[in-house]
Protein chains: 4
Amino acid sequence: MFVLVNLKTYPCDPVAVAEAAADVAADTDARVAVAPEATDLRRVATVLDGTAAEAFAQHVDPVEPGSNTGHTLAETVADAGATGTLCNHSERRLRLDRIDGAVAAAERVGLETVVCGNTPEQVAAAAALGPDAVAVEPPELIGTGTPVSAADPDIVEDAVAAVDAVDEDVSVFCGAGISTGEDVVAARDLGAEGVLLASGVAKADDPRAALADLVAPL
Amino acid sequence: MFVLVNLKTYPCDPVAVAEAAADVAADTDARVAVAPEATDLRRVATVLDGTAAEAFAQHVDPVEPGSNTGHTLAETVADAGATGTLCNHSERRLRLDRIDGAVAAAERVGLETVVCGNTPEQVAAAAALGPDAVAVEPPELIGTGTPVSAADPDIVEDAVAAVDAVDEDVSVFCGAGISTGEDVVAARDLGAEGVLLASGVAKADDPRAALADLVAPL
Amino acid sequence: MFVLVNLKTYPCDPVAVAEAAADVAADTDARVAVAPEATDLRRVATVLDGTAAEAFAQHVDPVEPGSNTGHTLAETVADAGATGTLCNHSERRLRLDRIDGAVAAAERVGLETVVCGNTPEQVAAAAALGPDAVAVEPPELIGTGTPVSAADPDIVEDAVAAVDAVDEDVSVFCGAGISTGEDVVAARDLGAEGVLLASGVAKADDPRAALADLVAPL
Amino acid sequence: MFVLVNLKTYPCDPVAVAEAAADVAADTDARVAVAPEATDLRRVATVLDGTAAEAFAQHVDPVEPGSNTGHTLAETVADAGATGTLCNHSERRLRLDRIDGAVAAAERVGLETVVCGNTPEQVAAAAALGPDAVAVEPPELIGTGTPVSAADPDIVEDAVAAVDAVDEDVSVFCGAGISTGEDVVAARDLGAEGVLLASGVAKADDPRAALADLVAPL
């Protein structure tokens, strides 16, 4: 099970979350990764270097080294120490051709890719572009604290079925409605191989305890 | 075989092209459709009403009736007499979630959908969203006059295979490199069920002759 | 005073609104214009041809005749009979360089331009691009029915001052919070030379009566 | 005079350029700043801390701390040690309202803002949003090596006049066609208070020598 924590642009301390992630990852079989802002990526990856936890980017652009201003280059993200990247998050939607280009850019430098989508259909579409994983995130659940397993369990099972029909090698993550270890288990029981969450850790009073709770039952 | 003529914003006479399409469609088994600008859609559809040819929109927005300014509403496109719409053309790329929304909007009012993409992977992704057809249009061939069958025949066959693996009910059109009836036959031989072309008709000195030539071997 | 009615993608009858606009315009010194969807523009302009009311587009793209799919070409809008166009409406925001290009495209074919913005600063910026008018539309007032003169009268006066400092020849319209003739007078008293409104007419049970009420005190 | 070096996503060593900038800035009255990718910003700013040179961001998003994935937050940029940011570069164009929001976000945390535009009209528009400076960058000159003073000297003078008419406190930079110290002097003679350049330094065999040459005549 993969627990991927998106720090968004929350006013949290990304280094402290990274340190907590390293500690928690040392004691679990689950993979744990932290995705800070690009500006914080290198120092988060430095903290995580040599630990069991990983750093992810929140986005990479479908560009090559060259004349691109204000873009996030996959090469630089990899050089900073990240092992993967989110793509097409609901707060950073991309054109279909640019998702294709971003996945190709990430692949070029060995970054894992997790492409987001709102619906089983959208993540199945994303799966056709050859990412490592997709994350289904029903927009109505994002940031609500409502468990996806309670609100809309079918969406995860439907996503798994739709993605399997396109490419069995693409993992499906549950990208919304995850706050507790119980939610992670429920997502796993629905067929998800990972969870993508944000506020449950980034806005927690004690991010370390929140992370520990998430992986406890795994 | 479906011959879909995109008039883009070319300075041609859309009514004259529509009249030619009606005449040519009367004498062939191929389906023929003309896609003018939204501003010209109603009069083109009026010319084509009761003929064997059809009117398509070049784009519809993923919106519902309501507070949307400067958008193309599927309901209005259908009311104008169109039978289908292009979507995600290389000159009007959309976010993945908005392609999903545009296909849903078109479906809501019974418009056929032809979703474009640059590569076999992108049209396979589009196919996962449930359109009627996809059109593969390698950008390097658009508007060149180079036949796709000469320049890159694999792209059509690969697109057909990739789309079939996702959803066998989605047709594949060849969306670039079509100028002559010979090109249409070559596309059909590669597995395409339609062709999407523009300048070959819209910029022809004699659009009627150009259209007649396209369907002659079918 | 200019009363510009944006029909958005509301499920109203654009021809009926146009006929009402023609009647109302015949009896007032105010200019009256109706802005339907592109797909309805030609028939609205045809109804208004020879009357005292005018047809506007909701948007034109910063393109020239040529290879542009799913775009609204200024030439076609003018050919359809429109006398002007909205630009950068809050529901159809554009990049700064594209507003510049859209104003240039409209000017190329003699269309009047009304460029929208949220704040006095944004409409002052728009004024630097040389449109005929700008419309200030505080987003928090759009579609609320709350009169701008009650909620935020300073915004109109500030917009007039900011625009005058950039280019005295650019008119300022009040683009939100207009439902009644009283609101139009209040906007005029604050320095606006026009009003841009939508739901007050397009969603009225009796659009003709709503329009008549708007111009009655002028 | 302000010499602002945009490293884009060029495959240069941003730390080496920063060290060169620090050295060169120590020996000139000109301000010197380096704008790396967001992922490299903190280490570039760390190198420049306490030196005469500065770090700039290439872009900040018009967002506040909170639920924004894949965005560049002004607070984080400032925390990383940058003193300013580019905005609306020709390779990262923004909607007018988002330029307004990005300038506001930068101002919120004390970052200087340099907003780019293609034409005198566009930079005058940008000036109305209250940035510290604007940079006029005729797209046809970007990356060509052709000096703006040779190709199109009027554009700088026109930009200065247009911006002065909107807000005299906004500086005008010359954003294209700068490769040598001679070009910088020519830009200054045309009224520019700064230059924005990229390949002349970032792609130079010896970035230190290139920078030294740029400021030598100042």
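Biologist: Which residue of chain A comes closest to the rotation axis?

Modeller: Two copies of a chain are related by a rotation about an axis and a shift along it. In this predicted model, a rotation of 180° with 0.0 Å of shift along its axis brings chain A onto chain D, with an RMSD of 0.0 Å. Among the residues of chain A, Thr39(A) comes closest to that axis, its C-alpha lying at 2.4 Å.

Biologist: Why can one say that the copies A and D meet through the same surface?

Modeller: The copies meet through the same surface because 100% of the interface residues of chain A are also interface residues in chain D.

Biologist: What does helix α2 of chain D pack against?

Modeller: The buried residues of α2(D) pack against α2 and α3 of chain A, and also against α1 (14-26), β2 (31-35), β3 (54-57) and α3 (74-79) of chain D. Helix α2 of chain D, residues 38-48, is mostly covered, with 9 of its 11 residues buried. Among the buried residues are Thr39(D), Asp40(D), Arg42(D) and Val44(D). After α2(D) comes Gly50(D), which has a positive phi near 85°.

Biologist: Next, the other pair. What rotation superposes chain C on chain D?

Modeller: A rotation of 180° does so, with 0.0 Å of shift along its axis and an RMSD of 0.0 Å. This is therefore the relation of a two-fold axis. The same surface serves both copies, as 100% of the contact residues of chain C recur in chain D.

Biologist: Which elements of chain C give two or more residues to the side that touches chain D?

Modeller: The size of an interface is often given as the accessible area lost when the parts come together. Here the description is by residues: 20 residues of chain C are in contact with 20 residues of chain D. On the side of chain C, α4 (96-108) and α5 (120-127) are the elements that give two or more residues. The largest share, 5 residues, is from α5(C). The residues on this side of chain C divide into 9 nonpolar, 6 polar and 5 charged.

Biologist: Take one residue, Ala126(D). Is Ala126(D) buried or exposed?

Modeller: Ala126(D), found in helix α5 (residues 120-127) of chain D, counts as buried because 31 other C-beta atoms lie within 10 Å. Leaving aside residues up to four places away in sequence, Ala126(D) touches Leu96(C) and Ala125(C) in chain C, and in chain D it touches Asn88(D), Ile99(D), Val115(D), Gly117(D), Pro131(D) and Val134(D). Ala126(D) and Val163(D) are 37 residues apart in sequence and 8.6 Å apart in space, C-alpha to C-alpha.

Biologist: In what order do the strands of chain C close into a barrel?

Modeller: Strands of a sheet pair through backbone hydrogen bonds, either parallel or antiparallel. In chain C, 8 strands close into a barrel in the order β1-β2-β3-β4-β5-β6-β7-β8, with parallel pairing. Neighbouring strands of this sheet are turned by 30° against each other on average, direction ignored. One of the pairs is β1 (residues 2-6) with β2 (residues 31-35) of chain C, which are parallel and share 5 bridges. Within that pair, Phe2(C) has Arg31(C) in β2(C) as its bridge partner.

Biologist: Which residues of strand β8 of chain D point one way, and which the other?

Modeller: In a regular strand the side chains alternate between the two faces of the sheet. From β8 of chain D, residues 194-197, Gly194(D) and Leu196(D) point one way, while Val195(D) and Leu197(D) point the other way; all are buried.

Biologist: Which residues stand opposite Leu196(D) and Val195(D)?

Modeller: Leu4(D) stands opposite Leu196(D), and Cys174(D) is the residue whose bridge partner in β8(D) is Val195(D). Strand β1 (residues 2-6) of chain D runs parallel to β8(D), joined by 4 bridges. Strand β7 (residues 171-174) of chain D also pairs with β8(D) in the parallel sense, over 2 bridges. With helix α8 (residues 181-189) of chain D, β7(D) and β8(D) make a right-handed β-α-β unit.

Note on methods. Residues numbered from 1 in each chain as written. Chains lettered and ligands numbered in written order. Predicted model: local features only at pLDDT ≥ 70, side-chain atom pairs only at ≥ 80, totals over all residues. Contact = placed C-beta atoms within 7 Å. Nonpolar A, V, L, I, M, F, W, Y, C, P; charged D, E, K, R; others polar. Least-squares fit on C-alpha atoms with pLDDT ≥ 70 in both. Buried ≥ 20, exposed ≤ 12 C-beta atoms within 10 Å, placed from the backbone. Pairing = 2+ DSSP bridges. Right-handed = clockwise from strand over helix to strand, strands pointing away. Axes fitted to C-alpha atoms, helices over the stretch in contact; angles between N-to-C directions.
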